[in-house]
Amino acid sequence: MSVPKRWIGLALSIVASIAMYYHPVSWFSVPKRVIVLGGGVVGLQTAVDLLEAGYAVNLISKDLPGDIDLNYPSQQAAATWASDEPVVDVETKRWYEEGYKQWEVMSQGDEFHSAGVAKRPCFRYWENPPENLVKGGSSALWHSEGVSSFRILKSEELPSGVGFGTTFTTFCVNAPAYLDYLQSRILALGGTIKRATLPVDKGLEEGLKAARLLIADELAGSKDQPVYAYVNAMGMNAMRLADDKTLFPIRSQSIHIKGEAHKIADRIDANGIYYAIPRVGEGVTVLGGFMEVGNWNATINPELNRKILKGCKQLIPECLDDNGEFTILKEYVGLRPHRKVGPRVEIEQLKDKAEFGESIVVHNYGHGPGGFFKSVGASRKVVRLLNGFASDTETPSSSSKEQEVFEGFYRQGDHSKEEDV
Ligand SMILES: *[C@@H]1O[C@H](CO)[C@@H](O)[C@H](O)[C@H]1NC(C)=O
């Protein structure tokens, strides 16, 4: 049977309009170029999303997957989906939802197997719960809706010393596997990755100029093509590049132990929160805790590690050896970039038109301890901003209100002096 020519023409034009709809950037012309600064989970995820949306992407970072550095906390992180926030604005809630849904998909599909995302039950215990939590129960916890199998634990289910507890189904991520997966996605989608250190103390525009010079070779074949946008996802260094005084580290120590816990668990005591999060597929569980806002100290505090180990023995007895001890593999300190007024995901215009023309910069930093799951929603927002779809009303980034965190989760660092990073 022969198909009339005009049907083929019609079919092709339908396909073309669908393609244009999903790739509004430019399906038939040269893709717009974006330089992403930062190779932590936020920068990598942003690069993947931009490539999938049809942009050309060159990523530049001082640290890349596999590196161990105080200021590259993605690599050593214990990553899970959990909320530190008693209330969230519309945009933040969207990020939580998008992260949860994305990991639901990734925990199931074979094609995502190497990314190391697994679905597990989570148990959260408060020793001295805030009164509104005890009175309000699930209505005082915004995240009780939307996650699977959420319930308040019955008093007979609580370990001794615990006044309130919840359980729900969530996800744990094998951080190094996840970073490797994102990196391979970037390369498979045609993006480039370059290791380089950019100047961050000479102002935003000097840093961006240096970034552009670095990839000049790659642009040589398409010299006339301007850089459409830059993304600042440099974690702690984003603060310096953007001269943002509201960014502080949240310091936490982590201990990698042998064996995979069967669940994700945390407990909030008078000193703060400590937790156990398995890295499924690696035979490792990451213990950590006592998140300190504004502490830059790179040295492990042995006293805090003793507290973490002692507390976690009760949380995950399944990982103890015959002598009732954990087998310790590694110990780390990490500084997570935390912004007091909430993460910053917004466009900034560049002033030097002679240098940058119409290029813009989109900031994507300050996600604190939630960087892994928030990277999903925050990166989609970067794409929406660059596509020109996002409205100003959904952004929390211009807010001057301090981000609310559950009482007792974070503690103030012993000193707030910024050391050399
Ligand atoms: C950093 O932490 C270590 C270990 O707890 C401690 O000995 C040292 O005094 C701290 N440094 C500063 C500058 O507080």
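1. Ile60 has Lys194 as its bridge partner in β7. Strand β2 covers residues 56–61. Four bridges join β2 to β7, and the two strands run parallel. Keep in mind that this is a predicted model.

2. Now the whole sheet. This sheet is open and has six strands. Their order is β7-β2-β1-β8-β15-β14. The pairing is mixed. The edge strands are β7, residues 192–195, and β14, residues 344–349. Each of these two pairs on one side only. From one strand to the next, the twist averages 20°.

3. Next, Lys62. This residue is found in the loop between β2 and β3, where β3 spans 79–80. Is Lys62 buried, exposed or partly exposed? Lys62 has 19 other C-beta atoms within 10 Å. Burial needs 20 or more, and exposure 12 or fewer. Lys62 is therefore partly exposed.

4. Which residues does Lys62 touch, leaving aside those up to four places away in sequence? They are Ala196 and Thr197. Arg195 also belongs in this picture. Lys62 and Arg195 are 133 residues apart in sequence, yet their C-alpha atoms are 5.4 Å apart in space.

5. Turn to the helix pair α2 and α11. Helix α2 holds residues 41–52, and helix α11 holds residues 371–387. Their axes come within 8 Å and cross at roughly 40°. That angle is why α2 counts as oblique to α11. The crossing of α2 and α11 is right-handed.

6. Look at the contact between these helices. From α2 come Val41, Val42, Gln45, Thr46, Asp49 and Leu50. They meet residues of α11, including Phe372, Val376, Arg380 and Val383. Also on the α11 side are Gly371, Ser375, Ala378, Ser379 and Val382. By class, the contact of α2 with α11 has eight nonpolar, five polar and two charged residues.

7. Last, Ile308. This residue lies in helix α9, residues 302–315. Why does Ile308 count as buried? The reason is its 22 other C-beta atoms within 10 Å, because the cut-off for burial is 20 or more.

8. The neighbours of Ile308 deserve a look too. Setting aside residues up to four places away in sequence, Ile308 touches Gln253, Ile255, Tyr274, Leu287, Gly288 and Gly289. Ser254 is 54 residues from Ile308 in sequence. In space, the C-alpha atoms of Ile308 and Ser254 are 8.5 Å apart.

Key: Residues are numbered from 1 along each chain as its sequence is written. This is a predicted model: local features need pLDDT of at least 70, side-chain atom pairs count only at pLDDT 80 or more; totals for chains, interfaces and linings use all residues. Axes are lines fitted to C-alpha atoms, for helices over the stretch in contact, and angles run from 0 to 180 degrees between N-to-C directions. Angles under 35 degrees count as roughly parallel, over 145 as roughly antiparallel, 65 to 115 as roughly perpendicular and the rest as oblique. A crossing is left-handed if the near helix is turned anticlockwise from the far one by less than a right angle, and right-handed if clockwise. Two residues are in contact if their C-beta atoms, placed from the backbone, lie within 7 Å. Ala, Val, Leu, Ile, Met, Phe, Trp, Tyr, Cys and Pro count as nonpolar, Asp, Glu, Lys and Arg as charged, and the others, Gly among them, as polar. Two strands pair if DSSP finds at least two bridges between them.
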